[in-house]
Amino acid sequence: YIVRDPRDVAVSYSIFRGENLDKTVKIMCSENTPCTVNKTANGFYNIEVLGSWKQNYLSWKNSLPNTPKIIIRYEDLIFNCGYTFNRLISFLSDILNFKIDIDQINFSIENSDFNTLSKMENEFGFPEAKNGKFFRSGKIGDWKNYLSKDNINNIENYCQNEMKELNYL
């Protein structure tokens with residue numbers, strides 16, 4: 001599971017949804033889970049249940065208690081990519097019993113770099129992009145440029161324990 005600072009998530013998510021920050025933060029800090037239903041082009045229905053950031057994190061953290069899992073912070077992928085990616089690959093190789101190939105790891109790191117993915121989106125598009133680019137910024141701490149004091153307080157109060165656990169506070 002890859003987790004990201006909920007304050008940065010609020011900025012990205014509001015742009016992705018095309019909603020203002022106040023409404024996005026309210027959704028992210030609400031125990032009342034909104035649900036949307038959309039009919040797809042092929043006639044099927046897409047149901048999206050929007051839980052809070054905290055509900056999402058805790059659902060992954062606490063799911064299947066006796067099952068191996070790993071939680072990776074997005075920020076660690078940026079600041080210490082090689083170490084974090086190797087930690088993930090080692091975890092997966094233990095579960096799936098495969099041999100680690102350092103060349104494949106390096107290839108994966110190079111091709112999953114944010115700038116590389118952004119360039120690929122520019123060239124080929126990205127189906128999940130709704131309101132502009134999906135790989136828009138990827139900056140850590142960009143929330144400081146966007147969130148109001150009220151929004152920061154709402155997120156930090158609602159997610160305080162989880163943010164401390166993940167060293168965001």
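**Figure 1. S93 in helix α5.** S93 has its place in helix α5, which covers residues 81–96, in a structure that is a predicted model. S93 counts as buried because its relative accessibility is 9%, under the 20% that sets the limit for this class. A polar atom of the S93 side chain lies 2.9 Å from the backbone oxygen of S90. When neighbours within four places in sequence are left aside, the residues in contact with S93 are F98 and I100.

**Figure 2. Helix α5 and what covers it.** The 16 residues of α5 reach 22 Å from the first C-alpha to the last, which is close to the 22 Å expected at 1.5 Å a residue. Buried in this helix are T84, F85, I89, F91 and S93. An α-helix has 3.6 residues a turn, so residues three or four places apart point the same way. The cover over the buried residues of α5 includes β4 (72–73), α4 (74–79) and α6 (102–111). Just after α5, N97 takes a positive phi of about 55°.

Figure 3. I78 is found in helix α4, and it counts as partly exposed because its relative accessibility is 41%, a value for which the class runs between 20% and 50%.

**Figure 4. The largest nonpolar core.** This core has 19 residues, and those with the most contacts inside it are V3, A10, V25, W53, L147, I155 and L166. At least two residues of the core come from each of the helices α1 (6–17), α2 (21–28), α3 (53–62) and α8 (149–158). For L166, once neighbours within four places in sequence are left aside, the residues in contact are V3, W53, Y57, I71 and R73.

**Figure 5. The buried residues of helix α8.** In α8, the buried residues are N151, I152, I155, E156 and Y158, and they pack against α1, α2, α3 and α9 (160–165). I155 is also among the residues with the most contacts inside the largest nonpolar core.

Figure 6. I27 is found in helix α2 and counts as buried because its relative accessibility is 12%. The C-alpha atoms of I27 and S52 are 6.3 Å apart in space, while the two residues are 25 residues apart in sequence.

Figure 7. The structure holds 0 disulfides. C159 is in no disulfide, and the nearest cysteine sulfur, that of C29, is 5.0 Å away; a disulfide would call for a pair of cysteine sulfur atoms within 2.5 Å. C159 counts as buried because its relative accessibility is 1%, whereas C81 counts as partly exposed, with a relative accessibility of 24%.

Figure 8. Most residues other than glycine have a negative phi. L64, although it is not a glycine, has a positive phi of about 40°, and its place is in the loop between α3 and β4. L64 counts as exposed because its relative accessibility is 59%. N167, likewise a residue other than glycine, has a positive phi near 65° and lies in the segment after α9. N167 counts as exposed because its relative accessibility is 61%, a value over the 50% that sets the limit for this class.

**Figure 9. The whole protein, for orientation.** The protein has 9 helices and 4 strands, which follow one another along the sequence in the pattern β-α-α-β-β-α-β-α-α-α-α-α-α. Among the contacts with a separation of 6 or more, 55% are accounted for by residues 24 or more positions apart.

Definitions and conventions: Residues are numbered from 1 along each chain as its sequence is written. This is a predicted model: local features need pLDDT of at least 70, side-chain atom pairs count only at pLDDT 80 or more; totals for chains, interfaces and linings use all residues. Side-chain values use heavy atoms; hydrogens and water are left out. Contact means heavy atoms within 4.5 Å. A nonpolar core is a set of buried Ala, Val, Leu, Ile, Met, Phe, Trp, Tyr and Cys residues joined through side-chain atoms within 4.5 Å. Buried means under 20% relative accessible area, exposed over 50%, partly exposed in between (1.4 Å probe, protein chains only). A polar contact is a pair of N or O atoms within 3.5 Å; within protein, one must be able to donate a hydrogen and the other to accept it, and residues adjacent in sequence count only if both atoms are side-chain atoms. The expected span of a helix is 1.5 Å times one less than its number of residues.
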